[in-house]
Amino acid sequence: MSIRSALAALAFVSSSAFAQAAAENQVVGTWRMVSATIDPGGKNIAAYGEKPNGLLVFTPDMHFVEVLTDADVPRFASDARGEGTDDENRTAMSRSIGFFGTYTVDEKGDFSGNRVEGATFPNWVGSTRTRNDLTLVVQGDRMTERFRRPEGTEIKIEWRRVE
């Protein structure tokens, strides 16, 4: 093989590797929740009530923040966050969640996992999720999230890109 042929082959391999490494991040942007269902034992129930309200943001520097709420959760009578009754706190906690951390994408730009750095549910802090228990599939301006809890219950969230 001539030096010229070897250099041409090396340039081709290098440019192909760069193109793969630079694949567009499919999830980056802001997403609004359209629907959320939970399927315990074959039931298909609204995971965040009839009016799910949520936002999911993936930044280009590989951070994310996700907040999911039920728009029908009643306001606290005291109008002070730290002064809710036991029932108010239980309802608010069970019908919402917020968490943030970092995420990864593969060489095709598809979501491949995340690590939770902070959450309103403390048991998630420090957890890492891979495609084994969390998938995000983007099709145009829609994204489907499927999360499998440790006991096997699946949550499905539909998202619409807003940015």
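Two strands pair if DSSP finds at least two bridges between them. Helices (H or I, at least four residues) and strands (E, at least two) are themselves DSSP runs, numbered from the N terminus. This is a predicted model, in which local features need pLDDT of at least 70, side-chain atom pairs count only at pLDDT 80 or more, and totals for chains, interfaces and linings use all residues. Residues are numbered from 1 along each chain as its sequence is written, and side-chain values use heavy atoms, with hydrogens and water left out.

**Exercise 1. Describe how strands E8 and E9 are arranged.**

Step 1. Locate the strands: E8 covers residues 134-139 and E9 covers residues 142-148.
Step 2. Pick a bridge to look at: Leu136 has Glu145 in E9 as its partner.
Step 3. Look at the connection: two residues separate the strands of this hairpin, and in the turn Gly140 has a positive phi of about 65°.

**Exercise 2. Find out what the aromatic pair of Phe58 and Tyr103 ties together.**

Step 1. Recall the rule: rings of Phe, Tyr and Trp (its six-membered ring) pair if their centres lie within 6.5 Å, and planes under 30 degrees apart count as stacked, over 60 as edge-to-face and the rest as tilted. The structure holds seven such pairs.
Step 2. Apply the rule: Phe58 and Tyr103 are 4.7 Å apart centre to centre with 65° between the planes, which makes the pair edge-to-face.
Step 3. Place the residues: Phe58 lies in strand E3 (residues 52-58) and Tyr103 in strand E5 (residues 96-105), so the pair ties together parts that are 45 residues apart in sequence.
Step 4. Check burial, where buried means under 20% relative accessible area, exposed over 50%, and partly exposed in between (1.4 Å probe, protein chains only). Phe58 is buried because its relative accessible area is 4%, and Tyr103 is buried at 2%.

**Exercise 3. Work through the pair of Phe64 and Phe99.**

Step 1. Take the geometry: this pair is edge-to-face, at 5.9 Å centre to centre and 75° between the planes.
Step 2. Place the residues: Phe64 belongs to strand E4 (residues 63-70) and Phe99 to strand E5, so parts 35 residues apart in sequence are tied together.
Step 3. Check burial: Phe64 is buried at 5% relative accessible area, and Phe99 counts as buried at 7%.
Step 4. Widen the view: one aromatic cluster is formed by Phe58, Phe64, Phe99, Tyr103, Phe111, Phe121, Trp124 and Phe147.
Step 5. Arg129 lies over the face of Trp124, at 4.3 Å from the ring centre.

**Exercise 4. Is Gly41 buried or exposed, and where does Gly41 lie?**

Step 1. Find the loop: Gly41 lies between strand E1 (29-39) and strand E2 (45-46).
Step 2. Read the accessibility: with a relative accessible area of 82%, Gly41 is exposed.
Step 3. Look across the sequence: Gly41 and Thr153 are 112 residues apart in sequence, yet 7.5 Å apart in space, C-alpha to C-alpha.

Terms used:
Lys NZ or Arg CZ within 6 Å of the ring centre and 35° of its normal.
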